[in-house]
Amino acid sequence: MNGRELITNAEMRAIDKASADALVPTRTLMENAGRAVADAIAARFSPRPTAVICGPGNNGGDGWVTARALMERGWPVWVETLKPAAELWGDAFDAANAWKGTTHPSSELNPPAEVYVDAMFGAGLSRPLEGEALRWAHRLAQAPERVVAVDVPSGLDGDSAKPLGEACVRAALTVTFVRKKPAHVLYSGRGLCGDVVVADIGAPEAVIEAQQLKLWENGPELWADLFPWPNAEAHKHARGHVFIASGGHARTGAARMAARAALRVGAGLVTVLSPSDALAENAAQLTAVMLHEAKGPGEYASIARSASCLAIGPAFGLDDAQRANLQAALGAAKRAPMVLDADALTLLSPFKSELDRRDVMTPHVGEFRRLFPDLLREDVNKIETARAASARAGAIVLFKGPDTVIAAPDGRAAVNTSGTPFLATAGAGDVLTGLIAGLIGQGMPSFEAAAAAAWLHGEAAERKGAGLIAEDLPEILPDVLAMLARG
């Protein structure tokens with residue numbers, strides 16, 4: 001999973017310190033970082049007038065090295081510094097003294113550039129931009145396609161992924177070091193960073209591993225070894241029997257979409273659990289997916305004990321009868337893992353009872369607010385919010401959105417970055433529910449199943465793009481699975 005891990009500001013500071021303790025000087029790390037930024041710039045742009053805007057700390061030090069490395073390549077480059085070089089200290093002072101090119105005090109009177117390197121402040125900034133830095137943020141906002149940020153765009157908090165004040169730099173390219181940070185994958189930071197390049201700057205792998213990181217950017221490296229591919233002797237009964245609970249009359253389409261997704265992702269048997277008044281409606285639309293009549297709480301409890309996985313929620317209904325059915329399924333002894341979405345989450349709001357660690361909850365922001373009204377706070381990022389909800393629920397929480405976060409009670413978390421805005425369409429979440437249930441039903445652990453389903457869901461959507469509707473997703477899935485099988 002190397003390269004997919006995400007690190008917080010505190011973990012990055014710990015890596016820097018431990019690297020120095022391991023006899024890799026911080027000055028060496030700075031030199032490597034600045035040269036990596038220059039490499040990324042040269043890979044993206046041809047030589048052109050370039051201004052490197054250097055702040056007062058180590059981020060600025062990276063910038064001084066970047067300028068020197070670009071000058072060595074023959075680029076027309078100069079430094080615009082927020083603080084005179086003589087007033088810097090530590091590694092930044094050394095990096096500034098090694099620069100022999102043109103230096104300007106930061107000013108609107110300086111010549112225009114075609115590329116601007118934002119090396120003012122890194123991910124650990126804790127206060128809003130002000131003075132010359134704030135002026136630069138406003139100026140650079142006029143042409144973000146020319147901006148390259150060092151570590152994160154200045155003014156962006158590396159952990160919260162939120163701008164710290166009235167303005168934040170927006171970049172077309174961000175070069176960060178060792179691993180990505182939450183700000184590179186969570187919104188609004190993700191929208192401010194542009195393309196993100198992660199550079200190896202020489203921090204020893206043993207130092208990174210010692211941090212025991214539990215946060216990842218979601219991708220096949222995280223779960224591919226556990227993906228439930230069938231072997232040559234497989235048969236349908238060995239690939240799991242998934243049940244999807246349907247709503248009543250005129251509320252059945254969501255369950256059918258979830259069921260088709262579960263079947264497409266490999267579940268051997270999929271059955272829609274239907275109220276009596278919706279049997280004919282469901283039967284008219286189902287072929288490979290089977291149908292079973294649910295006559296009340298006893299039936300739900302029985303299915304919960306026999307299924308490989310049971311999904312409840314899509315258009316399920318909110319009346320007392322459905323509440324009783326849900327409670328019966330949840331209360332069944334030695335029951336199967338469950339995927340709870342949509343109406344099931346509303347019926348559980350606000351959340352009070354503990355679930356099973358194999359269960360998965362899939363709230364969007366409105367459902368999350370109803371389930372955990374005290375956890376959704378401006379001063380806590382989405383990763384920590386999802387982790388807190390997962391710990392409270394004792395289950396996997398998949399907190400949906402353009403930056404979906406999957407969290408486990410033991411602190412593991414993954415941020416999903418596959419997908420497209422075209423997923424904002426009716427029924428897309430129902431398909432995701434079916435994918436999760438289908439993978440769990442085949443024996444995949446619930447955290448990895450939720451992460452894999454989120455990635456597959458997003459990847460399928462990216463392939464379709466404009467015009468996507470939820471019904472498209474299961475039909476695109478075979479191509480995505482074929483790509484995954486090829487490694």
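D151 sits in the loop between β5 (147–150) and β6 (173–177); helices here are DSSP runs of H or I with at least four residues, strands are runs of E with at least two, and both are numbered from the N terminus. The phi angle of D151 is near 75°, a positive value in a residue other than glycine. Is D151 buried or exposed? With a relative accessible area of 10%, D151 is buried, where buried means under 20% relative accessible area, exposed means over 50%, and partly exposed lies in between (1.4 Å probe, protein chains only).

A quick word on the model itself: it is predicted, with pLDDT of at least 70 needed for local features and 80 or more for side-chain atom pairs, while totals for chains, interfaces and linings use all residues. Residues are numbered from 1 along each chain as its sequence is written, and side-chain values use heavy atoms, leaving out hydrogens and water.

## Other backbone points to check

A250 also has a positive phi, about 70°, although it is not a glycine. A250 belongs to the loop between β9 (241–245) and α10 (253–264), and at a relative accessible area of 59% A250 is exposed. Helix α10 holds G253, which counts as partly exposed at 31% relative accessibility. From G253 to V431 the sequence separation is 178 residues, and their C-alpha atoms are 11 Å apart in space.

Where are the cis peptide bonds? One runs from Y187 to S188, with omega near 10°, and S188 is in the loop between α6 (182–185) and α7 (189–193). Another joins S349 and P350, where omega is about -15°. P350 is placed in the loop between α14 (342–348) and β14 (360–361).

## The nonpolar cores

The largest nonpolar core has 56 residues, and those with the most contacts inside it are W223, F227, I244, L439 and L456. The term covers a set of buried Ala, Val, Leu, Ile, Met, Phe, Trp, Tyr and Cys residues joined through side-chain atoms within 4.5 Å. Helix α18 (residues 446–464) gives this core its largest share, eleven residues. A second, separate core has 54 residues, including L192, F243, A304 and A336. As background, nonpolar side chains tend to be buried together in soluble globular proteins.

Which residues does W223 meet, once its neighbours within four places in sequence are left aside? W223 is in contact with N218, M444, E448, A451, A452, W455 and L484, contact being heavy atoms within 4.5 Å.

V117 lies in strand β4 (residues 115–119) and is buried, at 0% relative accessibility. Not counting residues up to four places away in sequence, V117 touches V37, I41, T50, A51, V52, I53, V148 and V150. V117 is also 57 residues from G60 in sequence, with 10 Å between their C-alpha atoms.

R27 is part of helix α2 (residues 26–44) and counts as partly exposed, at 21% relative accessibility. Residues up to four places away in sequence aside, R27 touches V65, R68, D91, D94, A95 and A98. R27 and D94 are 67 residues apart along the chain, and 8.3 Å separates their C-alpha atoms.

## The chain as a whole

Stepping back, the chain has 19 helices and 17 strands. Its radius of gyration is 26 Å, close to the 23 Å that the globule rule gives for 487 residues, so the chain is as compact as a globular protein of that length. That radius is taken over C-alpha atoms, and the rule is 2.2 Å times the number of residues to the power 0.38. The C-alpha trace spans about 80 × 45 × 45 Å along its principal axes.

Of the 487 residues in the chain, 57% are buried. Among contacts with a separation of 6 or more, 71% link residues 24 or more positions apart. The accessible surface comes to about 19,400 Å², with 52% of it belonging to carbon and sulfur atoms; the areas come from the Shrake-Rupley method with a 1.4 Å probe, and for residues only the protein chains shown count as cover.
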